[in-house]
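Subject: Structure handover

Hello,

The structure you asked for is placed below. My notes on the sheet, the core and the aromatic rings follow it.

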Amino acid sequence: MKEELTITQEWDKVFPKSEKVNHRKVIFHNRYGITLVADLYEPKQFEGKLPAIAVSGPFGAVKEQSSGLYAQTMAEKGFLTIAFDPSFTGESGGTPRYVASPDINTEDFQAAVDFLSVQENVNPDKIGIIGICGWGGMALNAAAIDTRIKATVASTMYDMSRVMARGYHDAMDEHARYETRKSLNAQRTLDYKNGEYARAGGVVDPLPEDAPSFVKDYFDYYKTSRGYHERSLNSNDGWNITTSLSFMNMPLLQYSNEIRNAVLLIHGEKAHSLYFSQDAFNKLKGDNKELTVIPNASHTDLYDKTDIIPFEDITEFFQKNLI
């Protein structure tokens, strides 16, 4: 049975359209048969075959938000890029809706590489990826398994399997984890009985006065005109409650120390999530790994603040390593 998708053709991004690049929608499928929808950006003027970059993230966002901004900007720098919606989200296919998977979403990056590898105007030996927030961890996981990925950037990275299994700063012990498992599995029973998956809710709204600063930052991006999008999970009803089950049981970065190709980690100095990138960097091996900490930047500053995101450094990194 062919998957039916509704794909929006008009410009509906949260960032302005660049006149320096061409834009069009593309579709491809992953190894599990799920159809993925992406925005493709390419320089208006180029010669020969281009280096290419696939972009996704943040966790709970859609391609019309941060990943599209990164993709469009890198196309302005001379790369052919795609920003894709992960399986089960946005305009991409897959059922049930609004669920994430450490396996399938890692495969989504590999499927993007499949697609880019066969484009007539792409050099298949010069493909990189960018993962933002939770998709930074997915990107590193993809780089660990897919030798075709010559360079990887993880911006304001989350290790979703770590935070879901252990909580922030690993504060969750095995007893708390057991209680979480009990609650999530009880929810599975309830969902099956009801015939639908209950949603966890996106970014809290209205925002409590005593909310932590990083929650206020999320609200400022996802719940305001700055970054709100109707298909974004974080802007609306969030993931299915039971999404975290598979992440709790499957560590994403188990083999990240075996990544041989280049990696650039970028994080904000003031980000609550900085330790994810610091620890991931310490696990990486080789002299082609870099960690850039942006002074005074928060986690969400690297979502869309083009005066803070080090696009020139990212460009230089890909130009150096996509060889």
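Two strands pair if DSSP finds at least two bridges between them; strands (E, at least two residues) and helices (H or I, at least four) are DSSP runs, numbered from the N terminus. This is a predicted model: local features need pLDDT of at least 70, side-chain atom pairs count only at pLDDT 80 or more, and totals for chains, interfaces and linings use all residues. Residues are numbered from 1 along each chain as its sequence is written, and side-chain values use heavy atoms, leaving out hydrogens and water.

Sheet. Eight strands form an open sheet with mixed pairing, in the order S1-S2-S4-S3-S5-S6-S7-S8. Its edge strands, S1 (21–29) and S8 (289–294), each pair on one side only. S1 runs antiparallel to S2 (residues 35–43), joined by 9 bridges. His23 stands opposite Tyr41 in S2.

Core. A nonpolar core is a set of buried (under 20% relative accessible area, 1.4 Å probe, protein chains only) Ala, Val, Leu, Ile, Met, Phe, Trp, Tyr and Cys residues joined through side-chain atoms within 4.5 Å. The largest has 91 residues; Phe28, Phe59 and Ile130 are among those touching the most other members. Helix H2 (residues 102–117) gives the most to this core, with 7 residues.

Rings. Phe, Tyr and Trp rings (for Trp, the six-membered one) pair if their centres lie within 6.5 Å; planes under 30 degrees apart count as stacked, over 60 as edge-to-face, the rest as tilted. The whole structure holds 19 aromatic pairs. Phe214 and Tyr218 are edge-to-face, because their centres are 6.1 Å apart and their planes at 85°. Tyr218 is buried, at 13% relative accessible area.

Regards

Definitions and conventions: Buried means under 20% relative accessible area, exposed over 50%, partly exposed in between (1.4 Å probe, protein chains only).
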